[in-house]
Amino acid sequence: MSNAPAYPGIRISGCWALGAEGSNAGSLDRLLPPVGTGHSPRKRTTSQCKSEPPLLRTSKRTIYTAGRPPWYNEHGTQSKEAFAIGLGGGSASGKTTVARMIIEALDVPWVVLLSMDSFYKVLTQQQQEQAACNNFNFDHPDAFDFDLIISTLKKLKQGRSVQVPIYDFTTHSRKKEWKMLYGANVIIFEGIMAFADKTLLELLDMKIFVDTDSDIRLVRRLRRDISERGRDIEGVIKQYNKFVKPAFDQYIQPTMRLADIVVPRGSGNTVAIDLIVQHVHSQLEERKLRWDMAALASAHQCHPLPQTLSVLKSTPQVRGMHTIIRDKETSRDEFIFYSKRLMRLLIEHALSFLPFQDCVVQTPQGQDYAGKCYAGKQITGVSILRAGETMEPALRAVCKDVRIGTILIQTNQLTGEPELHYLRLPKDISDDHVILMDCTVSTGAAAMMAVRVLLDHDVPEDKIFLLSLLMAEMGVHSVAYAFPRVRIITTAVDKRVNDLFRIIPGIGNFGDRYFGTDAVPEGSDEEEVASTG
């Protein structure tokens with residue numbers, strides 16, 4: 001059931017009112033009140049939008065869950081479901097703008113904005129013809145695929161990934177490609193029929209109705225449909241009078257009574273938005289979805305390294321190679337040569353953890369030999385770009401016919417958040433043993449996101465092997481606590497991570513040294529961005 005706040009139906013008054021001159025303005029822009037009048041602009045703290053995946057904040061100021069995904073708590077166990085906010089209201093009432101203002105003011109990692117507009121049903125040929133003539137009612141509950149909405153929201157609340165359709169308003173149809181969204185701490189679901197289904201209502205922990213004057217909504221709709229969707233004024237007004245306004249009176253406005261909070265005047269009502277944000281913060285604290293970085297780092301120091309970690313034996317040969325690649329005076333050629341030697345030893349060590357079964361072969365002399373055969377179906381290597389791809393040649397050298405996938409995770413220079421930019425995985429990867437490769441792991445943020453992506457593609461946790469030349473203890477603990485069945489294999493573990501999330505004593509920026517790119521000046525913003533893996 002919904003964990004709605006205990007103030008159903010309260011209206012929160014706003015900060016501005018549309019003056020009389022607004023209704024007589026000669027342009028669409030003049031009819032629209034400015035957003036947040038009297039308040040300084042909010043600093044954008046997340047990069048969420050309808051088409052972007054949720055992000056994990058790892059700025060210098062704080063790290064939430066020490067690099068772990070939000071659906072795991074400080075003990076590595078599954079946390080409570082995400083907090084779901086429903087935003088209802090008439091067409092062009094400002095729901096999306098209110099949602100983005102809430103996201104920016106929340107300043108928490110991993111927020112998903114899910115739009116009901118993505119879930120219009122696929123139209124028949126006859127309905128397509130009606131839509132082309134503005135004779136199809138898109139403002140009726142039957143126009144939406146509520147079954148898909150409900151299943152999608154349920155998965156997101158459980159921290160699972162979902163495929164969301166992309167709707168093309170110019171052609172009134174779904175595009176062939178779908179977008180991937182990942183589970184989050186906070187889910188904001190907005191749409192005109194957000195409160196029109198009983199099952200959907202039960203999934204929402206907080207329900208907000210954005211109440212905007214009908215004249216303002218019509219002006220906004222005219223501007224949007226003409227400039228963004230290629231419609232003409234006559235068609236927009238015809239559709240509004242025939243479908244939009246009657247649907248609002250019959251299906252949308254009555255749902256206002258179901259809302260926990262009614263926000264008059266939409267995005268201009270910053271007082272209401274601030275109160276909403278305060279409540280969501282209190283709910284997140286109760287659900288323990290935020291942790292203090294210092295406390296977690298201290299906790300890591302008190303725990304022994306996990307049993308899922310395997311460190312290559314520190315023989316004189318291994319230690320000698322580490323001495324060479326850690327030396328800042330080592331030339332690039334030597335750095336590459338000895339790094340490759342270490343990679344080969346690391347991968348051969350990792351293969352010893354794969355499942356093998358007894359098998360008997362016949363030798364050229366006609367004698368039986370009792371040996372071992374790989375018991376799995378296939379081995380797939382997945383490199384975390386860019387440094388992880390340097391390990392691919394060593395994997396190919398010891399694994400015949402190995403398949404290779406790639407994941408590109410980069411840190412946003414403005415937000416300090418790891419972002420999934422590119423993904424290419426072989427088909428049917430769920431049946432494989434997957435060797436996940438990254439050359440260094442400090443906080444574990446990039447590795448955590450990569451593991452989460454593999455799990456979302458149905459790779460069993462115990463079939464994932466995370467390989468890295470060098471890891472920090474913090475990164476080891478983060479991965480092990482969140483994914484206790486992932487095997488972690490490295491050639492060395494260093495104790496500390498500095499304020500810029502560099503491993504200490506460390507190896508420097510592996511990618512820069514290997515590829516010969518210019519190192520970023522120590523202490524710069526770019527240095528901070530580059531070192532959050």
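Predicted model: local features only at pLDDT ≥ 70, side-chain atom pairs only at ≥ 80, totals over all residues.
Author: Local features need pLDDT of at least 70 and side-chain atom pairs 80 or more, while totals for chains, interfaces and linings use all residues. Residues are numbered from 1 along each chain as its sequence is written, and side-chain values use heavy atoms, without hydrogens and water.

Reader: Why is the pair Asp512 and Arg386 called a salt bridge?

Author: A salt bridge is a side-chain nitrogen of Lys or Arg within 4 Å of a carboxyl oxygen of Asp or Glu. The closest N and O atoms of Asp512 and Arg386 are 2.8 Å apart, so the pair meets that definition. Asp512 lies in helix α15 and Arg386 in the loop between β12 and α12, so the pair ties together parts 126 residues apart in sequence.

Reader: What makes Asp512 buried?

Author: Buried means under 20% relative accessible area, exposed over 50%, and partly exposed in between (1.4 Å probe, protein chains only). Asp512 has 10%, so Asp512 is buried. Arg386, at 33%, therefore counts as partly exposed.

Reader: How do you know whether Glu461 and Arg485 are buried or exposed?

Author: Glu461 has a relative accessible area of 9% and is therefore buried. Arg485 has 51%, so Arg485 is exposed. Their side chains meet in a salt bridge at 3.7 Å, N to O.

Reader: What span is expected for helix α6, and how is that worked out?

Author: The expected span is 1.5 Å times one less than the number of residues. Helix α6 (residues 214-228) has 15 residues, and its 20 Å from first C-alpha to last is close to the 21 Å expected. Helices are DSSP runs (H or I, at least four residues), as strands are (E, at least two), numbered from the N terminus.
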